[in-house]
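Trainee: Could we go through this structure together, one question at a time? I'd like to see how each answer is reached.

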Amino acid sequence: MYTILVIEDDNYIGSLLEECLAAEGYHVLRAWSGTEALLLLEKQQPSLILLDLMLPGLSGRELLPRIINTPVIILSARAGLDDKVDMLLGGAVDYITKPFEMKKLLARITVHLRRRKEDTGDVNIPSKASAGFVMTFGGLSLDTGTRELLTPGGSVRLTRTEHAILKKLMQNPERPVSKSALLEDISTDTPDCTESSLKIHVSNLRKKLKQAGAGETVESVWGIGFRLCPGR
């Protein structure tokens, strides 16, 4: 079982997080201040940390550099770009602005625990978080759990971002998906994708699909975004 440390001085938010995480099968630790969290981290190493920035005593900004070998997701009401950039460059793996949607937070947690699993070989991910399903369209078959794509020409190896893009398009077959909607949705799987890099990822995905015999499957819709269509 994965252990998540919630460092949050707001009792309502902290209790809500604890309840929801426990319902998802995680073991939850709580700390109400940066100083308390630092003492706790001397005795235990959680699998992931949810860190508020505005904490009594030692702030979240001061605590972050002292956290070693544990992924940290920042939860903060500070929505400025500079704050986000500083925290991500300072070692956080993600930054979520309050108020947040619990469903999206749980998805982000799943993503970063999967990355931890891939990096460390840790297999103790809760079953709810690791479940996948198979999506099909035309001659394509995508396993969302393993990220394996089967095409008429065989299996295709996708990057994390390519998988997230294709999954979103397969959820909306033959319907245009705007760039903004695509970026918003896939951010749960790949938060580092930007509008400028999206075109590159889509281009690489197209090449892989074409080389695998799927044809011209992903087409651009001028002024909107992209659409998944039967290969030509």
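This is a predicted model: local features need pLDDT of at least 70, side-chain atom pairs count only at pLDDT 80 or more; totals for chains, interfaces and linings use all residues.

Trainee: Let's start with the whole chain. What percentage of the residues is buried?

Mentor: The protein chain has nine helices and 12 strands. Its accessible surface comes to about 11800 Å², with 52% of that belonging to carbon and sulfur atoms. To count as buried, a residue needs under 20% relative accessible area. Of the 232 residues, the buried share is 47%.

Trainee: Five strands form an open sheet; in what order do they lie?

Mentor: The pairing in this sheet is parallel. Strand 2 (27-31) and strand 5 (94-97) are the edge strands, each pairing on one side only. From one strand to the next, the twist averages 20 degrees. Read across the sheet, the order is 2-1-3-4-5.

Trainee: Which residue of strand 3 is the bridge partner of L5?

Mentor: Strand 1 covers residues 3-7 and strand 3 covers residues 48-52. These two strands pair in the parallel sense over four bridges. In strand 3, the partner of L5 is I49.

Trainee: How are helix 7 and helix 9 oriented to each other, roughly parallel or roughly perpendicular?

Mentor: Helix 7 (residues 160-170) packs against helix 9 (residues 195-211) with the axes 10 Å apart, at an angle of about 85 degrees. Angles of 65 to 115 degrees count as roughly perpendicular. The two helices are therefore roughly perpendicular.

Trainee: And how many residues of that contact are nonpolar?

Mentor: Helix 7 contributes T161, E162, I165 and L166. From helix 9 come L198, H201, V202, N204, L205 and K208. Three of the contact residues are polar and two are charged, while the nonpolar ones number five.

Trainee: Now helix 8 and helix 9: how many residues of their contact are charged?

Mentor: The axes of helix 8 (residues 179-186) and helix 9 come within 11 Å and cross at roughly 90 degrees, so these helices too are roughly perpendicular to each other. K179, L182 and L183 of helix 8 meet E195, L198 and K199 of helix 9. The contact has three nonpolar residues and no polar ones. The charged residues number three.

Trainee: Which side chains of strand 8 point to one face and are buried?

Mentor: Along strand 8 (residues 148-151) the side chains alternate.

Trainee: Last one: which residue of strand 9 is the bridge partner of E148?

Mentor: On one side, strand 7 (residues 140-143) pairs with strand 8 in the antiparallel sense over three bridges, and D143 stands opposite E148. In the hairpin of strand 7 and strand 8, R147 takes a positive phi near 65 degrees. Strand 8 also pairs with strand 9 (residues 154-157), in the antiparallel sense over four bridges, and a hairpin of two residues joins them. In strand 9, the partner of E148 is R157.

Key. Residues are numbered from 1 along each chain as its sequence is written. Side-chain values use heavy atoms; hydrogens and water are left out. Buried means under 20% relative accessible area, exposed over 50%, partly exposed in between (1.4 Å probe, protein chains only). Accessible areas come from the Shrake-Rupley method with a 1.4 Å probe; for residues, only the protein chains shown count as cover. Two strands pair if DSSP finds at least two bridges between them. Axes are lines fitted to C-alpha atoms, for helices over the stretch in contact, and angles run from 0 to 180 degrees between N-to-C directions. Angles under 35 degrees count as roughly parallel, over 145 as roughly antiparallel, 65 to 115 as roughly perpendicular and the rest as oblique. Contact means heavy atoms within 4.5 Å. Ala, Val, Leu, Ile, Met, Phe, Trp, Tyr, Cys and Pro count as nonpolar, Asp, Glu, Lys and Arg as charged, and the others, Gly among them, as polar.
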